[in-house]
Amino acid sequence: IQLYQYLLRSYLNPVFGRVAVADIREAQVRRWRKNLLDAGATPVTTAKAYRLLRAVMNTAADDGLIRRNPCRLKGAGQEKSPERPVLALRQILALADAIDPRYRALILLAVFASLRWAELAALRRCDVDLKARTVQIFRQLAESPGGGFTFGPPKSGAGQRTVVFPDLIVPELAWHLARFTAAADDSLMFTSPTGSPLRHSNFRRRVWLAALTDAGLADLHFHDLRHAGNGLAAAAGANLRELMERMGHSTSRAALVYLHSTNDRQRELAEAVAAQARSELGRSGSRGTYVARPDGIGA
């Protein structure tokens, strides 16, 4: 809702706010989109704004206010977000070392449990089980533009999940809980120094940017930590269903991003197949080698 309100206020209303929906034509929509891009709006933001306008006009068509939706630009609503940087494990640890100790566990849990910012900001002491090495996601924190906070369910039903994290970070989480989290079970795990819920903008300005500089990293978003964690899980052998459950996604589209093949992985697979073939050849009494004949038939 906040995103739609922002897009409406910043991109739709300045051009279409005082125009009757029945008077909006395809040429106007085309010119509006071009002007946005020429003015410096990113392709991703422009696509989001276009999709909102198209949804508004679809409703107008359903209500009989217009005969045809004028938002008919092929591909205009498709997002092609730029590829985010892939963090190496050493970079993740360097960032955890560089950041204010109050937020070290936040960084590690974001990576090794593949959690979103809003999910981390809503975590309570009772949501983390150090013995079982699990974190339960029941809710997320939404920030209001005026400064307030609300707790609500995750982005989708699949977002309510239990994620297992490695024993590697258990001491870090235990130290954080003992030092920075209030004793009550429903106390927020991560808060500002004053004990209030975390605001992403404040965290970025006061903590994140300085830590990136100290760690020698640049152009990094907090969400890239989740991206790195998903990549680590995929590299460790997680299949599509396991990735979807870990990420809290109800569709496979996002999880498939992390199941890309690399040259090294392809080489490992080829060598594994060859080893299996050699084993079978050995049991059958063959020479254990395969030589291709000139005619392409093996001997």
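Buried, for a residue, means under 20% relative accessible area. Tyrosine 11 has a relative accessibility of 16%, so it counts as buried. With that in hand, welcome to this predicted model.

**Aromatic pairs**

- A pair of aromatic rings is described by the distance of the centres and the angle of the planes.
- The count of aromatic pairs in this model comes to 9.
- One of them joins tyrosine 6 and tyrosine 11, whose ring centres lie 5.8 Å apart with 85° between the planes, an edge-to-face arrangement.
- Tyrosine 103 sits in the loop between helix H4 (89–98) and helix H5 (104–112), while phenylalanine 203 belongs to helix H8 (residues 200–215), so their pairing ties together parts that are 100 residues apart in sequence.
- Tyrosine 103 is buried, at 4% relative accessibility, and phenylalanine 203 is buried with a relative accessible area of 4%.
- Both of these residues also belong to a cluster linked by ring pairs, made up of Tyr103, Trp117, Phe203, Trp208 and Phe222.

**Helix H5**

- How many of the 9 residues of H5 are buried? The count is 9 of 9, so the helix is largely enclosed by the rest of the structure.
- The buried residues of H5 include Arg104 as well as Leu106, Ile107, Leu108, Leu109 and Phe112.
- Ala105, Ala110 and Val111 are also among the buried residues of this helix.
- Just after H5 comes serine 114, which takes a positive phi of about 55°.

- Glutamate 119 has its place in helix H6 (residues 117–121).
- Is glutamate 119 buried or exposed? Its relative accessibility is 1%, so glutamate 119 counts as buried.
- Which residues are in contact with glutamate 119, leaving aside its neighbours within four places in sequence? They are Ile137, Arg139, Gln140, Gly159 and Arg161.
- Arginine 139, one of those contacts, lies over the face of phenylalanine 151, at 4.0 Å from the ring centre.

Technical notes. Residues numbered from 1 in each chain as written. Predicted model: local features only at pLDDT ≥ 70, side-chain atom pairs only at ≥ 80, totals over all residues. Heavy atoms only, no water. Helix = DSSP H or I, 4+ residues; strand = E, 2+ residues; numbered from the N terminus. Buried < 20%, exposed > 50% of the residue type's maximum accessible area, 1.4 Å probe, protein only. Contact = heavy atoms within 4.5 Å. Phe/Tyr/Trp six-rings, centres within 6.5 Å; stacked < 30°, edge-to-face > 60°. Lys NZ or Arg CZ within 6 Å of the ring centre and 35° of its normal.
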